[in-house]
Structure formats: structure tokens, C-alpha cells
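Reader: I have not looked at this structure before. Please show me how to read a few of its features.

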Amino acid sequence: MENAQTNNEINEELFEKIAKGDNEAFAELYYTSYRQIYGFLLSLTRNKEDAEDLLQNTYIKIRNGSHLYKKQGTPMTWMCTIAKNQFLDFVRKYGKNRSVDFGEVENYVSEGFTIQSDDAKTVEDRMLLELAFGKLDEQERTIIILHMINGLKHREIADITGLPLSTVITKYNRSLKKMRRIIGE
């Protein structure tokens, strides 16, 4: 099974196959997209266990609602919207951010970056990244992860978060500047 696809390469035909009960199509969709969905949920919950539970619930909803997907060329946006709704239901039921695990978010985010240096430098770089990432508020972290890690466009992020496009762009640029300033210090 090819899982080297990015979120922009999710085959929209998979949803039709899943709706007809094709388990292989569901497995392909999962392995193509779970890292992006997990990263998004982790940015919202900031807790590994909660993000994993919501990931499972999200894919159950995706499987059960696959017949509702309309081909628009934006399957990841549709899937992130389902994930966001699962998070909102979770918040309503249990309260927001029962425990914060910034380390897990930082590990997930920095996992995509290859730092080529000795171990001491890597630890220092990770600490700087964790510090900078921790200084961002929840919306800023979510926007950064969705754009830089998940590769979503600002317009897609606006649709998912419910924020105006101009706010998403402004928050993204300010967040990058804030992180550069913190790391520069």
C-alpha cells in the first residue's frame, strides 16, 4: 500500500469505495492521512491520549459518513472538519484541555524536521522549538501546524477553524515572527 501520498493526493474515489464497504480503501485513506489528522488533533488537545481517542472517533465518523463526501478536490479539509467537530464535542463533554502535553506536540512537530548536528545541539534546538511553540496561543499553534506540517492552504484553514481568511494569514505571519524572535533571543 502506497502511503507516501500527501494530503493533496488523497484519491477522492476512496470515499465511494468506503461507502460500499471496501476495507482496503479505508485502510489506504487512513494510512495516507492519519499523521495530518493526528497532528491537527494534537494541536487542539495538546494531549497525546486525547488526540489518539479523537483520531479513532474521527475515522469512525469518516467511515460512517463517507457516502456524504462531495468531490470538491479538498478531502483533507472535509476530514479536518470532522476532526474539529469531534474535538468540539469532546470539549463540551469533558472540558477543554484536561492536561497539557506541550512536549508531545513539540515532538510531533519537530519529527518532520531533520536537524543535522551533534546530540547536544539537537537537544538545544528542540528546547528552543518547544519554547517558541509554547509561547503561541492555541489558534496560532493550530494555524502553524495546519499550514506548515499538514500543508493546508490558508483558505482551507479558515474553513476548518471558522476564522476569516485575513485573520488566518495575519495570525500565521505574526506567529512566525514571534517564533523567530523567541528563537533569536
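Author: Start with exposure: buried means under 20% relative accessible area, exposed over 50%, and partly exposed in between (1.4 Å probe, protein chains only). This is a predicted model, in which local features need pLDDT of at least 70 and side-chain atom pairs count only at pLDDT 80 or more, while totals for chains, interfaces and linings use all residues. Residues are numbered from 1 along each chain as its sequence is written, and side-chain values use heavy atoms, with hydrogens and water left out.

Reader: Which residues of α9 are buried, and which are exposed?

Author: An α-helix has 3.6 residues a turn, so residues three or four places apart point the same way. Helices here are DSSP runs (H or I, at least four residues), numbered from the N terminus. In α9, which spans residues 165-184, the buried ones are Val168, Tyr172, Ser175, Leu176, Met179 and Ile182. Those residues lie on the same side of α9 because they cover an arc of only 135° around the axis, taken from the directions from the helix axis to the C-beta atoms. On the other side, Ser166, Arg174, Lys177, Arg180 and Gly184 are exposed.

Reader: Which residues touch the most other members of the largest nonpolar core?

Author: In soluble globular proteins, nonpolar side chains tend to be buried together. A nonpolar core is a set of buried Ala, Val, Leu, Ile, Met, Phe, Trp, Tyr and Cys residues joined through side-chain atoms within 4.5 Å. The largest one here has 44 residues, and Leu29, Ile37, Leu41, Met79 and Cys80 touch the most other members. Its largest share, 9 residues, comes from α2. Contact means heavy atoms within 4.5 Å; leaving aside neighbours within four places in sequence, Leu29 has contacts that include Ile10, Tyr59 and Met79.

Reader: How many salt bridges does a search of the whole structure find?

Author: Side chains of opposite charge can pair when their charged atoms come close. A salt bridge is a side-chain nitrogen of Lys or Arg within 4 Å of a carboxyl oxygen of Asp or Glu. The search finds 3. Lys71 meets Glu13 at 2.4 Å, N to O, and Glu16 at 3.2 Å, so Glu13, Glu16 and Lys71 are linked in a network.

Reader: Where do Glu140 and Lys178 lie?

Author: Glu140 is in helix α7 and Lys178 in helix α9, so their pair ties together parts 38 residues apart in sequence. Their side chains meet in a salt bridge at 3.1 Å, N to O. Glu140 counts as buried, at 7% relative accessibility, whereas Lys178, at 22%, counts as partly exposed.

Technical notes. Helices (H or I, at least four residues) and strands (E, at least two) are DSSP runs, numbered from the N terminus. The expected span of a helix is 1.5 Å times one less than its number of residues.
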